[in-house]
Amino acid sequence: MSVLSGKKILLGISGGIAAYKSPLIVRLLKSLGAEVKIVMTPSAKDFVTPLTLSTLSNHPVYSTFTEELYDNPVWNDHVALGKWADLLLIAPATSNTLSAMVHAKCNNLLIATYLSCTCPVYIAPAMDLDMYAHPANQQNLKELNRIGNKVLSVGEGFLASGLHGKGRMLEPEEIIRHISEDLESGLPLYGKKVLITAGPTYEPIDPVRFIGNHSSGKMGFALAEEARQLGAHVTLISGPTVLVASPDIDRHNVLTAQEMYAIALEYFAETDIAIAAAAVADFKPLNVGDQKIKKESGFQSIELEKTLDILAEMGKRKQKQFLLGFALETEDEISNAIKKIKSKNLDAIVLNSLNEHGAGFSVDSNKVTYIDQNETIIPFELKSKILVAKDIFSQILTQNA
Ligand code: CTP
């Protein structure tokens with residue numbers, strides 16, 4: 001999922017020839033799941049029509065402080081627009097607009113909105129080569145950068161004047177890539193590797209039967225999505241489940257505890273945060289039938305052996321990693337969970353409540369208690385597994401800070 005998904009983006013368009021590319025910016029942002037509103041300067045309308053932009057953005061386009069509605073003047077509230085935005089992108093930003101931004105020269109709705117914004121502001125300058133190189137414009141760009149705006153570079157090539165050089169607005173794809181990378185780099189888990197085990201394991205009895213459990217994998221998948229949204233590179237090792245993970249999650253499907261163990265330990269050494277959310281079968285049949293076991297065979301019992309404990313092994317090999325386990329207890333819940341922190345060398349454990357209606361296997365909600373190494377007990381309310389995943393990561397980040 002793109003870091004721009006769900007973001008409210010205000011696109012400011014000023015009056016330069018590069019404005020003809022702004023509909024493409026709107027399209028790209030929308031295709032990444034962003035909501036887009038547009039403020040344009042009156043002169044930008046000479047280059048691109050408000051109708052094109054309002055059709056693509058599914059929102060009215062604003063360009064004047066007031067407009068007539070049923071014979072009444074209506075105020076286009078630049079303050080509300082500025083507060084609405086998670087991010088303001090001014091593309092193209094002409095020499096005139098850059099200068100007005102530096103000097104707070106509030107002579108159009110775009111500048112008024114810019115001055116009202118408290119969100120990050122990205123600027124994609126566009127002008128002819130000598131205008132761009134002019135010390136006055138370079139000084140303005142420097143100043144805009146100094147006061148906290150994010151000034152993007154310009155492209156080099158054929159210009160509308162017929163000249164060749166530096167000053168073109170970056171292509172829409174480049175603008176969006178720069179913004180996405182910048183936003184990603186500010187995320188708390190940017191550059192971190194997170195390993196998550198999820199779902200059940202199936203331990204074969206014969207080619208058609210297995211020992212398994214009711215785990216749906218929903219908690220582990222919610223954790224994987226949250227880690228991804230926090231900027232991490234996520235490796236998700238999943239037992240059998242119908243769930244679908246985002247394409248940018250590195251997913252490995254496994255069947256048995258043995259397979260989960262092998263992949264988890266292959267990745268563990270280079271992991272920063274490992275979370276064992278899988279409901280790994282604790283036992284597996286000692287002998288697996290080559291053929292389907294027939295009723296007539298007199299078969300009466302299955303001899304079991306323990307599976308390898310993936311979490312305990314990660315605990316043994318732990319160096320710099322933050323290691324989080326899950327516990328499901330039916331008696332002495334807290335003290336048993338704390339014992340597991342010590343016995344498996346964990347940094348923290350999440351205790352699942354089995355007794356709570358609406359929590360546990362298969363359902364979409366969960367009620368958990370987070371317990372850290374110092375035995376600090378943090379209980380959470382019953383909530384969706386997506387929100388539980390947010391609570392868990394906020395504790396990990398606090399503990400890891
Ligand atoms: N776990 C694991 N590998 C196993 C068994 C468990 O990685 N073979 C992990 C689970 O993913 C979970 C934690 O260990 O994070 C707790 O598992 P649980 O089955 O509750 O505890 P056990 O240590 O197996 O002990 P017991 O069943 O006796 O409570």
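What order do the strands take in the open sheet of 6 strands? I note that I am working from a predicted model. I read the order as 3-2-1-6-7-8, and the pairing is parallel. I then looked up the edges: strand 3 (61–62) and strand 8 (150–151) each have a single partner strand, so one side of each is left without a neighbour in the sheet.

I followed strand 8 to its partner. Strand 7 (residues 121–125) runs parallel to strand 8 and is joined to it by 2 bridges. I looked up Tyr-122 and found that its bridge partner in strand 8 is Lys-150.

I turned next to the ligand. The shell around the ligand holds 14 residues, of which Ala-276, Ala-278, Phe-326, Lys-340 and Lys-344 come nearest. By class, I list 8 nonpolar, 2 polar and 4 charged residues in this shell.

Which backbone atoms approach oxygen atoms of the ligand? I found a polar backbone atom of Ala-278 at 2.6 Å from a ligand oxygen. For Phe-326 the corresponding distance is 2.8 Å, and for a backbone N or O atom of Leu-311 I noted 2.9 Å. I also looked up the area: the ligand taken alone exposes 570 Å², and the protein buries 75% of that.

Finally, I checked the site itself. The ligand sits in the largest pocket. Helix 11 (310–317) and strand 19 (322–328) are the elements that give two or more residues to the shell around the ligand. Strand 19 gives the most, with 3 residues.

Key
Residues are numbered from 1 along each chain as its sequence is written. This is a predicted model: local features need pLDDT of at least 70, side-chain atom pairs count only at pLDDT 80 or more; totals for chains, interfaces and linings use all residues. Side-chain values use heavy atoms; hydrogens and water are left out. A residue is near a molecule or strand if one of its heavy atoms lies within 4 Å of it. A polar contact is a pair of N or O atoms within 3.5 Å; within protein, one must be able to donate a hydrogen and the other to accept it, and residues adjacent in sequence count only if both atoms are side-chain atoms. Accessible areas come from the Shrake-Rupley method with a 1.4 Å probe; for residues, only the protein chains shown count as cover. On a 1 Å grid over the protein atoms alone, a cavity is a set of points where a 1.4 Å probe fits but cannot get out, and a pocket is an open set with protein on both sides within 12 Å along at least five of seven lines; lining residues have an atom within 4 Å of a point. A molecule sits in a cavity or pocket if more than half of its atoms lie within 2 Å of its grid points. Helices (H or I, at least four residues) and strands (E, at least two) are DSSP runs, numbered from the N terminus. Ala, Val, Leu, Ile, Met, Phe, Trp, Tyr, Cys and Pro count as nonpolar, Asp, Glu, Lys and Arg as charged, and the others, Gly among them, as polar. Two strands pair if DSSP finds at least two bridges between them.
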